[in-house]
Amino acid sequence: MVTIKKNRLGLMGGAAVAALAFAGTAMADIGDNESLVVNGEIEMVIETDPPEHLQGVFDRIYSGWVFRSDETQAMQADDFENPGMIFADQAREAFDTVMGSEGNSCATCHENPESLADVRSTYPVWDEEHGTVQTVELQVNECMTERMGAEPYGYDSQEMRNMSALISSVGRGRIINVAMDGPAQETWEQGREIYYTRYGLLELSCANCHEQNYGNNIRADHLSQGQINAFPAYRLRNAQLNSVHGRFRGCIRDTRAETFAVGSPEFVALELYVATRGNGLTVEGPSIRN
């Protein structure tokens, strides 16, 4: 297991760094947002009441789309303008391709991607058979290895991000409803602890940015609430699809800390927790972000 090294400067040092990082910021106007309707027909929930476990933390929860520029918002509203859809289309070919020793493809069991429309809105989810929380990526690899007899995709490989984009795309408009109780609760609690823990030389937690400073400018960009309902996201700054765990790695890297590995139990727990913070929003991926 990779261990994140925490700074030993103390909370006062971290608070001072955080104050400098957000100095001179300006709140984004998030009160009068237009609606997001993709292709003129898929209606998205971009703001709603917070889930019960966030009441008292937020008055409203917002999709990351709300914090983007008008040009970026417009790109996501039209699949012909959305570069992320190119990768979803590539995954459609893989979906019908026989792989492995069993002579099966994804379509052998699922017929077509649209049959998976309810997947993204409920994952991560407890897997009773394996006794663990499964992300979409872990489920894809379970199907490949156990049902197709194929080699698994790399957790953050291009092929996996493509498949995640496809599964998200067919579920757009579905309300996020990720379970946090029952056998998944222990993992959820672990994810919550990670979310509120300060890491790195900057001594910043996820909450310092996405809970206490959303809407503020940092590095000439607006901080969002860190919702993941729109992942995978095509980021304009690196011109590629970015996965949830890839984004987690980037955030922790920016605190100047060693990070967990993609697909690790720690990031699975964090994904479960963060996903439940968006309960009530809708699936948007593949989205466009700066």
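## Exercises on a predicted model

Helices α7 and α10 are roughly perpendicular to each other. This model is predicted. Work through each exercise in turn.

**Exercise 1.** Find how helices α7 and α10 cross, and which residues make the contact.

*Solution.* 
- Step 1. Locate the helices. Helix α7 covers residues 185-195, and helix α10 covers residues 265-277.
- Step 2. Read the geometry. The two axes come within 7 Å and cross at roughly 90°.
- Step 3. Apply the cut-off. Angles of 65 to 115 degrees count as roughly perpendicular. The pair α7 and α10 is therefore roughly perpendicular.
- Step 4. List the contact. From α7 come Thr-187, Trp-188, Gln-190, Gly-191, Arg-192, Ile-194 and Tyr-195. The α10 side includes Pro-265, Glu-266, Leu-270 and Tyr-273.
- Step 5. Sort by class. The contact of α7 with α10 has 9 nonpolar, 4 polar and 3 charged residues.

**Exercise 2.** Describe the packing of helices α3 and α6.

*Solution.* 
- Step 1. Helix α3 spans residues 84-95, and helix α6 spans residues 158-169.
- Step 2. Their axes are 7 Å apart, at an angle of about 100°. So α3 and α6 are roughly perpendicular to each other.
- Step 3. Residues of α3 in the contact include Met-85, Phe-87 and Phe-95. Among those of α6 are Asn-162, Met-163 and Leu-166.
- Step 4. By class, the contact of α3 with α6 divides into 9 nonpolar, 4 polar and 1 charged residues.

**Exercise 3.** Decide whether Arg-161 is buried or exposed, and list what Arg-161 touches.

*Solution.* 
- Step 1. Arg-161 sits in helix α6.
- Step 2. Compare with the cut-off. Buried means under 20% relative accessible area. Arg-161 has 12%, so Arg-161 is buried.
- Step 3. Find the contacts. Not counting residues up to four places away in sequence, Arg-161 touches Asp-156, Pro-232, Gln-240, Leu-241, Asn-242 and Ser-243.
- Step 4. Look at Leu-241. Its backbone oxygen is 2.9 Å from a polar atom of the Arg-161 side chain.

Note on methods
Residues are numbered from 1 along each chain as its sequence is written. This is a predicted model: local features need pLDDT of at least 70, side-chain atom pairs count only at pLDDT 80 or more; totals for chains, interfaces and linings use all residues. Side-chain values use heavy atoms; hydrogens and water are left out. Axes are lines fitted to C-alpha atoms, for helices over the stretch in contact, and angles run from 0 to 180 degrees between N-to-C directions. Helices (H or I, at least four residues) and strands (E, at least two) are DSSP runs, numbered from the N terminus. Angles under 35 degrees count as roughly parallel, over 145 as roughly antiparallel, 65 to 115 as roughly perpendicular and the rest as oblique. Contact means heavy atoms within 4.5 Å. Ala, Val, Leu, Ile, Met, Phe, Trp, Tyr, Cys and Pro count as nonpolar, Asp, Glu, Lys and Arg as charged, and the others, Gly among them, as polar. Buried means under 20% relative accessible area, exposed over 50%, partly exposed in between (1.4 Å probe, protein chains only). A polar contact is a pair of N or O atoms within 3.5 Å; within protein, one must be able to donate a hydrogen and the other to accept it, and residues adjacent in sequence count only if both atoms are side-chain atoms.
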